Amino acid sequence: MTIKALVWGENIHEHKSEVVASIYPDGMHEAVARLLREDAGIEASTAVLQDPEHGLTEDVLARTDVLLWWGHADHAAVDDVVVERVARHVWEGMGLILLHSAHFSKIFKRLMGTPCALKWREAGERERIWVVNPRHPIAEGLPEFFELENEEMYGEPFSVPEPLETVFISWFQGGEVFRSGLTYRRGAGNIFYFRPGHETYPTYHDATVGKVLRNAVHWAHNRQGRYPGVHEAPNVPVEKALEAIEERGGKLHKSGEEGFR
Ligand code: ZN
């Protein structure tokens, strides 16, 4: 079965910075999609901020198994209605992969419920990414560590909730460390945050980064499809209880009546 991945790009820096345009002439989202297409089991398409409804209509999301998100310059431009729509699909089982500065995206903050802030420095320094969870599916086929010669530094504290799993920890030439590969589960949706990917460096041309992203798409894909029931809170009246029970004590609702939702 082919996994349908959708790479969402903010698509702003590519049109404003010659440096970014020279590294990513077809856009960062297209570079990420190309890395995913090296795997015949992944069908990767793209959408950008400037598309109607940011390219994230109900139809598109319903067909998407895993959504990848890169944003930085204008997180605020993403419509709250679309953010809620994406959140609903994640709760129902769509995978979500947040790339680099997507740590401050509306959708990540919405799903984390915390500031998601961090330290940063743009000095083109070396990043050494350590695999701290060697048999995790996202780390499959990776060496003990890999390096990116030029990257932006992100440093702790990273104000996110304690993750489900930590897959990578980065060390930077300037001395800081950062939890750079984190997994979460929200409803039926698998979420992965992956740190590298600053726009002025060729990170999305790196073979190992490509491997991580392809692994992450496979990991985030919920093979069971969507579970719309995640939103429902049905009342189970006494007469429908699995075992015969007798009502006792005080209660707010009559048996069978709709409860609070
Ligand atoms: Zn950056």
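The legends below describe close-up views of a predicted model. Local features are taken only where pLDDT is at least 70 and side-chain atom pairs only at pLDDT 80 or more, whereas totals for chains, interfaces and linings use all residues. Residues are numbered from 1 along each chain as its sequence is written, and side-chain values use heavy atoms, with hydrogens and water left out.

View 1. The zinc ion has His100 (NE2), Glu152 (OE) and His198 (ND1) as its protein donors, at 2.0 to 2.1 Å. Donors here are N, O and S atoms within 2.8 Å of the metal (3.2 Å for Na, K and Ca), and because water is not among the atoms, sites may look incomplete. Along the sequence, the donor residues follow the spacing H-x51-E-x45-H. Glu152, in strand S6 (residues 145–155), and His198, in the loop between strand S9 (189–194) and helix H7 (207–220), are 46 residues apart and link distant parts of the chain. Helices (H or I, at least four residues) and strands (E, at least two) are DSSP runs, numbered from the N terminus. Glu152 is buried, with a relative accessible area of 5%, and His198 is also buried, at 2%. Buried means under 20% relative accessible area, exposed over 50%, and partly exposed in between (1.4 Å probe, protein chains only).

**View 2. The surroundings of Asp65.** Asp65 is found in the loop between helix H4 (58–62) and strand S3 (66–70). Its side chain reaches the backbone nitrogen of Lys4 at 2.7 Å. When residues up to four places away in sequence are not counted, Asp65 touches Thr2, Ile3, Lys4, Met94, Gly95 and His221, where contact means heavy atoms within 4.5 Å.

View 3. Glu156 and Pro157 are joined by a cis peptide bond, with an omega of about 5 degrees. Pro157 has its place in the loop between S6 and strand S7 (165–172). Most residues other than glycine have a negative phi, and most peptide bonds are trans.

**View 4. His54, a residue with a positive phi.** Although His54 is not a glycine, its phi is positive, at about 55 degrees. His54 is placed in the loop between strand S2 (42–48) and H4, and at 10% relative accessibility it counts as buried.

**View 5. Cys116, a residue with a positive phi.** Cys116 is not a glycine either, yet its phi is positive, at about 60 degrees. Cys116 lies in the loop between helix H6 (106–112) and strand S5 (119–131), and it counts as buried, with a relative accessibility of 0%.

Conventions. Polar contact = N/O pair within 3.5 Å; in protein donor to acceptor, adjacent residues only side chain to side chain.
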